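Reader: Hey, I've got this one open on my screen and could use a guided look. Can we start with a helix and work outwards?

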Amino acid sequence: MTSPQLAYVVAGSEATGGAGFQVDLKTFQQLGVYGVGTLSCIVCFDPKNNWGHRFHPVSADIIAEQMEAALAAHPSMKTVKVGMLGTPDTIDVVSRGLREREWDNVLVDPVLICKGQEPGAALDTDNALCEKILPLATVVTPNVFESKTLSGMDSIETVEDLEEAARRIGSQGVKYVLAKGGVELPGPNAVDVLWDGEKITRYEKPKVGEQRVSGAGCTLAAAVAAELAKGDSIYDAVATAKDLVYRGIVARVSAETPFDTVWQGA
């Protein structure tokens, strides 16, 4: 019998399979890591309304029960990825659950805008995430918008801006900041930058078109978590993740949705 490495994820379900919890578990499996998970919310795109978001939080009690079962079943599990949480109540119960264990790796993919929520509720969620979840993080993986928000910068228009944002986020106490540029920044390459407290490392792959591909950010973050669970350094973990995402975008999956999705199995 073999004993694979374990990785835990707390994230939302996305019913079409292109993002969130589904992507996290597919990515873990592709990289040879046994995935364990807790659902925080359910997002159902609405095909009758331009594929808009329909957001359904899971109750705090049920989240707590899921976490209790997952953590009791796997006491050796030391790596967790935190994705979309969605409400202050969810953030509170998840932060309490995570604090019950010593973790080697806490990767936070900070979903700051919860589509489908009222602006006031979204702001409350963002504030709760910054207060209760980010202090637990050893790695944070914001996209351009999230990097701008977390760093307090007015704009991010170049790779150099993204690097400055990563430094500023790191100065708030996060050990590693992987700021994802993707196709949002000009130039022929999709560039992500890693700040380790001392230096910036750039990771580049050629852009595959100029359109976003659903699940790219989730896949990148999940792949980093999986490789960290296997004992890789953060630098090797990001390199592996970047390569997996590039291959998955090249082999993207099309559907009746207005967006393509990453194929983790590529």
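This is a predicted model: local features need pLDDT of at least 70, side-chain atom pairs count only at pLDDT 80 or more; totals for chains, interfaces and linings use all residues.

Reader: Is α7 mostly covered or mostly open, and how many of its residues are buried?

Author: Mostly covered: 13 of the 14 residues in α7 are buried.

Reader: And what follows α7?

Author: G231 follows α7, and its phi is positive, near 100°.

Reader: OK, zooming out. How many helices and strands are there in the protein chain?

Author: The protein chain has 8 helices and 9 strands.

Reader: What order do the strands take in the sheet?

Author: The 9 strands make an open sheet, ordered β3-β2-β1-β4-β5-β6-β7-β8-β9, with mixed pairing. At the edges sit β3 (52-57) and β9, each of which pairs on one side only.

Reader: Remind me, what holds strands together in general?

Author: Strands of a sheet pair through backbone hydrogen bonds, and they can run parallel or antiparallel.

Reader: Let's look at β8, then. Which strands does β8 pair with, and in what sense?

Author: On one hand there's β7 (residues 176-180), which pairs with β8 in the antiparallel sense over 4 bridges. β9 (residues 200-206) also pairs with β8 in the antiparallel sense, over 7 bridges. If you want a landmark, L194 stands opposite T201 in β9.

Reader: How many residues sit between the strands in the hairpin of β8 and β9?

Author: There are 4 residues between them, and in that hairpin G197 takes a positive phi near 95°.

Reader: Why call β8 largely enclosed?

Author: Because 6 of the 7 residues of β8 (residues 189-195) are buried, the strand is largely enclosed by the rest of the structure.

Reader: I spotted a lysine, K180. Where is K180 placed, and is K180 buried or exposed?

Author: K180 belongs to strand β7. K180 is buried, because its relative accessible area is 10% and the cut-off for buried is under 20%.

Reader: What does K180 touch?

Author: Not counting residues up to four places away in sequence, K180 touches D109, T141, P142, N143, V144, L162, V191, D192, G217 and L220. D192 comes up again in the strand pairing: K180 stands opposite D192 in β8.

Reader: Nice. On to the greasy bits: how many residues are in the largest nonpolar core?

Author: The largest nonpolar core has 43 residues, and those with the most contacts inside it are Y8, L85, V94 and I133. Helix α6 (residues 159-170) gives the largest share of this core, 5 residues. Apart from that core lies another, of 32 residues, with Y176, V213, A229 and V245 among them.

Reader: Go back to L85. What is L85 in contact with?

Author: Leaving aside neighbours within four places in sequence, L85 is in contact with V10, S40, C41, T90, I91, V94, L129 and I133.

Reader: How exposed are N50 and W51?

Author: N50 counts as exposed, at 68% relative accessibility. W51 is partly exposed, with a relative accessible area of 22%.

Reader: And H74, where is that one?

Author: H74 is in the loop between α2 (60-73) and β4 (79-82). H74 touches L6, Y34, V36 and R101, not counting residues up to four places away in sequence. H74 and F55 are 19 residues apart along the chain, and their C-alpha atoms are separated by 30 Å.

Reader: Last one: how does the radius of gyration compare with a compact globule?

Author: For 266 residues, a compact globule would have a radius of gyration near 18 Å; the protein chain has 17 Å, which agrees. The C-alpha trace spans about 45 × 45 × 40 Å along its principal axes, and 51% of the 266 residues count as buried.

Notes:
Residues are numbered from 1 along each chain as its sequence is written. Side-chain values use heavy atoms; hydrogens and water are left out. Buried means under 20% relative accessible area, exposed over 50%, partly exposed in between (1.4 Å probe, protein chains only). Helices (H or I, at least four residues) and strands (E, at least two) are DSSP runs, numbered from the N terminus. Two strands pair if DSSP finds at least two bridges between them. A nonpolar core is a set of buried Ala, Val, Leu, Ile, Met, Phe, Trp, Tyr and Cys residues joined through side-chain atoms within 4.5 Å. Contact means heavy atoms within 4.5 Å. The radius of gyration is taken over C-alpha atoms; the globule rule is 2.2 Å times the number of residues to the power 0.38.
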